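Please look over the sequence and turn the structure slowly before reading on. The paragraphs below are meant to be read with both in view.

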Amino acid sequence: MDWSDNPEQAAFRAEVQQVIRDGLPEHYQEIARQGGGMFEEGWQADRKSDDPSRRGAAEDWSRALAERGWVAPHWPKEYGGAGLSSWEQYIYKEELAKAAAPVVGGGGVSLLGPTLIVHGTDDQKEKYLPGILSGEVAWAQGYSEPGAGSDLAGLQTRAMRDGDEFVVNGQKIWTSGAQFADKLFALVRTDPDAPKHRGISFLLFDDIKSPGLTVRPLISMSWKHIFNETFFEDVRTSASNIVGEENRGWYVGMTLLDYERSSVDSAVNDRVSMEHLMEYVKTEEGAERSRLDIPSVRGDLAEAWIATEVAANLSLRVASMQGAGLIPNYEASMAAPARAGAASLPRFVGALGSRRGPFLRSMSVRTPRLRHECRRKSVFFPCRA
Ligand SMILES: Cc1cc2nc3c(=O)[nH]c(=O)nc-3n(C[C@H](O)[C@H](O)[C@H](O)COP(=O)(O)OP(=O)(O)OC[C@H]3O[C@@H](n4cnc5c(N)ncnc54)[C@H](O)[C@@H]3O)c2cc1C
């Protein structure tokens, strides 16, 4: 397979590079110069920052991308996206990752928007898509519960109809970025007597600070505040905020998960981080610190590289299906664990951490991008060093 750009792709790549050169605010360029990778949390935190320069940088970058519909590169043009082909999306994400430029929009762009396009009413599309597209409104995802993770259909957060509203009680967990979000979408149980997949609805909450809705930080073992617990105590939301049919939200929720699993962002980021790592271990210092003279270390590194490439290629396959107007399903499910395997990258660093502490510490100091990767996939305890 020939992965090199054809002339149109090369021209598009040059256009993306130009937009990054012209539009990426100095704040992010400086972070890139220091070797730090910027990710959604960075942009989301910046747009809510008390520091006007950080807030301004986040707004300027959203605007620069929004001008071309590039906040939502994968959305159809008729909904205000860029309608980029799968290859163009890949190139776009790759160039952003290389420049350490943040993607903007968070879960609204990557998850909720495409789901509303498929399942939302015209009113919902009109009400919610513009705020996502302009990068002005960020959404958090309320799916998981303490007793409902892999077995998501076991969720117990209860929504009861009261006139034109639903009244919601219960708890969500692992709500990423809810501390920066403006709104929340959630799966809730609307019929406790129905078979478990049949009693669930997909609800939107217009204000994450609604009365009774409490977001509490959940600090990871790497001391990062990425996750939250979200509590609902008699929280009211309009009945018109249901997406799809009442009690059929499971299927709406699964469409969204197909988009979540298929995201190319992390695969592309992992690939760029892997390139950083490869460059570093090829230096005299890197080779010495990583003990590349030990065969098993070289084996670990090769394994990490292969897993990263597999994840990137599977994500590309999913993106190409989306580009063809198909909803990737089992393909997306395959891509997700592959990317978790590209957790192989932090796993590689983590494995070395348990075997060679000094190497890990040197990596942490010298490649902030890798340190960020480790923290992002914060289950990898050794990465804390
Ligand atoms: C980076 C990150 C961000 C996240 N952000 C969000 C978010 O914004 N919003 C949100 O709602 N959720 C979020 N999640 C939560 C995520 O969706 C859940 O972690 C996921 O659903 C798994 O649930 P759990 O963590 O409770 O694990 P569990 O379901 O408890 O599973 C733990 C382990 O047991 C295994 N296991 C479970 N059941 C079985 C079985 N029947 N047979 C064999 N093995 C089994 C699993 O494979 C896993 O290895 C996020 C997770 C991560 C890692």
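The model is a predicted one, in which local features need pLDDT of at least 70 and side-chain atom pairs count only at pLDDT 80 or more, while totals for chains, interfaces and linings use all residues. Residues are numbered from 1 along each chain as its sequence is written.

The secondary structure of the chain comes to 15 helices and eight strands, where helices (H or I, at least four residues) and strands (E, at least two) are DSSP runs numbered from the N terminus. Of the 385 residues of the chain, 44% count as buried; a residue is buried if 20 or more other C-beta atoms lie within 10 Å of its own, exposed if 12 or fewer, and partly exposed in between, with C-beta atoms placed from the backbone. Two residues are in contact if their C-beta atoms, again placed from the backbone, lie within 7 Å. Among the contacts in the chain between residues at least 6 apart in sequence, 72% join residues at least 24 apart.

Two strands pair if DSSP finds at least two bridges between them, and strand 4 has partners in strand 1 and strand 5. With strand 1 (residues 139–142) strand 4 runs parallel, joined by four bridges, and here glycine 142 stands opposite alanine 186. With strand 5 (residues 200–205) strand 4 runs antiparallel, joined by six bridges, and in this pairing alanine 186 stands opposite leucine 203.

Some of these residues return in the largest nonpolar core, which has 77 residues, and in which Trp61, Ala181, Leu184, Leu203 and Phe205 have the most contacts. A nonpolar core is a set of buried Ala, Val, Leu, Ile, Met, Phe, Trp, Tyr and Cys residues joined through C-beta atoms within 7 Å. Leaving aside its neighbours within four places in sequence, phenylalanine 205 is in contact with Lys183, Leu184, Ala186, Ser210, Leu213, Val235 and Thr237.

Another pairing is that of strand 2 (residues 158–162) with strand 3 (residues 165–173), which is antiparallel and has five bridges. Aspartate 162 stands opposite glutamate 165 in strand 3. The two strands form a hairpin with two residues between them, and in the turn glycine 163 has a positive phi of about 65°.

Positive phi values also occur in residues other than glycine, and tryptophan 174, with a phi near 65°, is one of them. Tryptophan 174 is found in the loop between strand 3 and strand 4 (183–189), and because it has 18 C-beta neighbours inside 10 Å, it counts as partly exposed. Aspartate 234 has a positive phi of about 50° and lies in strand 7 (residues 227–238); it counts as exposed because it has 12 C-beta neighbours inside 10 Å.

Helix 5 (residues 86–98) has 13 residues, which at 1.5 Å a residue should span 18 Å, and the distance of 18 Å between its end C-alpha atoms agrees; the expected span is 1.5 Å times one less than the number of residues. Among the buried residues of helix 5 are Glu88, Gln89 and Tyr90. Glutamine 89 counts as buried because it has 22 C-beta neighbours inside 10 Å, and its C-alpha atom is separated by 9.8 Å from that of alanine 72, 17 residues apart along the chain. Histidine 74, in the loop between helix 4 (52–66) and helix 5, counts as buried because it has 25 C-beta neighbours inside 10 Å. Histidine 74 and glutamate 88 are 14 residues apart in sequence, and their C-alpha atoms are 9.2 Å apart in space.

Finally, the ligand is surrounded by Gln141, Gly142, Tyr143, Ser144, Gly149, Ser150, Lys172, Trp174, Thr175 and Ser176, where a residue is near a molecule if its C-beta atom, placed from the backbone, lies within 6 Å of it. This shell divides into two nonpolar, seven polar and one charged residue; Ala, Val, Leu, Ile, Met, Phe, Trp, Tyr, Cys and Pro count as nonpolar, Asp, Glu, Lys and Arg as charged, and the others, Gly among them, as polar.
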